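Let's take a walk through this protein together, from the whole chain down to a single side chain. Have the viewer ready and follow along.

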Amino acid sequence: MDNSSYRSQYIASDTAKVSEQSANAVIAFWRRVAKAEGEIGKNLEDGYSKAEYIELISKLNITSPNVLLPTKSRIGKYLKWLREKGVLEKEYVDNLYAIRYNAINANHVYDSKYFKDFESLQSAIESTLWAAEKVDDGVFALQISAIYFAWLGLHIEEALQIKKDDIKDDCVKIGDRTIIPNSTIMAYLCDYRDAVDYESQAKGVIRLKYTNSEWLFRTARSTHVDVPKVMRIFIRNFGLAGNEEANIFNYDKVYWSGIFSRAYEYEQENGEIEAGNIPLLENLFNEKYPSVSVAHKRLHEYQGFKQHFFSDSASNEEA
């Protein structure tokens, strides 16, 4: 069935009396649904089985029960409207509401949202450098250094304020904090700290000199890259240079991958994290919680990360 007539009629009625911003959100949602339908090869108006609804919801990257409920409600509202029009049988509406969150396969979401460990992050960096085929990998020294600071658990605003003098030969000093990176990261940060130039290629190979600056994050044109949005664009373009998707090295993605990876290491040494231990959660996840429920939400995200990446190793240890 051609869904364009019913779908456009429904969207028009659903957006008629809302703000432009709300209307755009509705339209964007149904565009995402249409893309997922296209990948499945079947439209909602044709009637979905429970398995097909699960596949649709998985393709919409639903990552928590709190997101699943409003998504089901929004789609269900349209299905009920179709039923009133005599387009859809009741069973196809019931199939949607029978779905529970534990039926959704979120593996692809976790794989795109996190790096499992430092080895997987480093592998992605090296693969991107190889694919980019630059005459000098130093072209990306700024981006890779920023990615490493994200892994180490520094918020982007904090990372951008690091000076060359903060990078010691065996650690990073930030105020009264001392961070000891692994040897790969430490060596790289020292090399970027001490670098005075790098090779680039235009019509020929040329050597570009960094500007004279006290700041770590500088370029051949700027003494200080200090705007988070600019750094995020630099990192995005690094991913694209290797023919990867734009968000492969998204700063927040790398940041939470590092936080969760260290939380898992903590559990290997100290046992499972207790849900009620708020000071420990704040320390492990590097944030303050206004309430227990907010802390538990973050813990739930970590547990999903752990379940996805490490459930097999846990099973092997028990065996």
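A polar contact here is a pair of N or O atoms within 3.5 Å; within protein, one of them must be able to donate a hydrogen and the other to accept it. Keep that in mind for the arginine we visit at the end.

The model you are looking at is predicted. Its protein chain contains 14 helices and four strands, and the C-alpha trace spans about 70 × 55 × 40 Å along its principal axes. Of the 319 residues, 42% are buried. Among contacts with a separation of 6 or more, 61% are between residues 24 or more positions apart. The accessible surface comes to about 17,500 Å², and carbon and sulfur atoms account for 47% of that.

Now turn to the second largest pocket, which has a volume of about 440 Å³. Its lining consists of 18 residues, with Trp-151, Leu-152, Gly-153, Ile-259 and Arg-262 nearest the centre.

Finally, find Arg-298 in helix α14, which covers residues 292-318. Is Arg-298 buried or exposed? Its relative accessibility is 18%, so Arg-298 counts as buried, the cut-off being under 20%. The side chain of Arg-298 makes a polar contact with the side chain of Glu-301 at 2.8 Å. Beyond its neighbours within four places in sequence, Arg-298 is in contact with Trp-256, Phe-260, Phe-285, Glu-287 and Tyr-289.

Technical notes
Residues numbered from 1 in each chain as written. Predicted model: local features only at pLDDT ≥ 70, side-chain atom pairs only at ≥ 80, totals over all residues. Heavy atoms only, no water. 1 Å grid on protein atoms, 1.4 Å probe; cavity = no way out; pocket = protein on both sides within 12 Å on 5 of 7 lines; lining within 4 Å. Points joined across faces, edges and corners; volume = space filled by probe spheres on them. Helix = DSSP H or I, 4+ residues; strand = E, 2+ residues; numbered from the N terminus. Buried < 20%, exposed > 50% of the residue type's maximum accessible area, 1.4 Å probe, protein only. Contact = heavy atoms within 4.5 Å. Areas by Shrake-Rupley, 256 points an atom, 1.4 Å probe, with all protein chains shown as cover.
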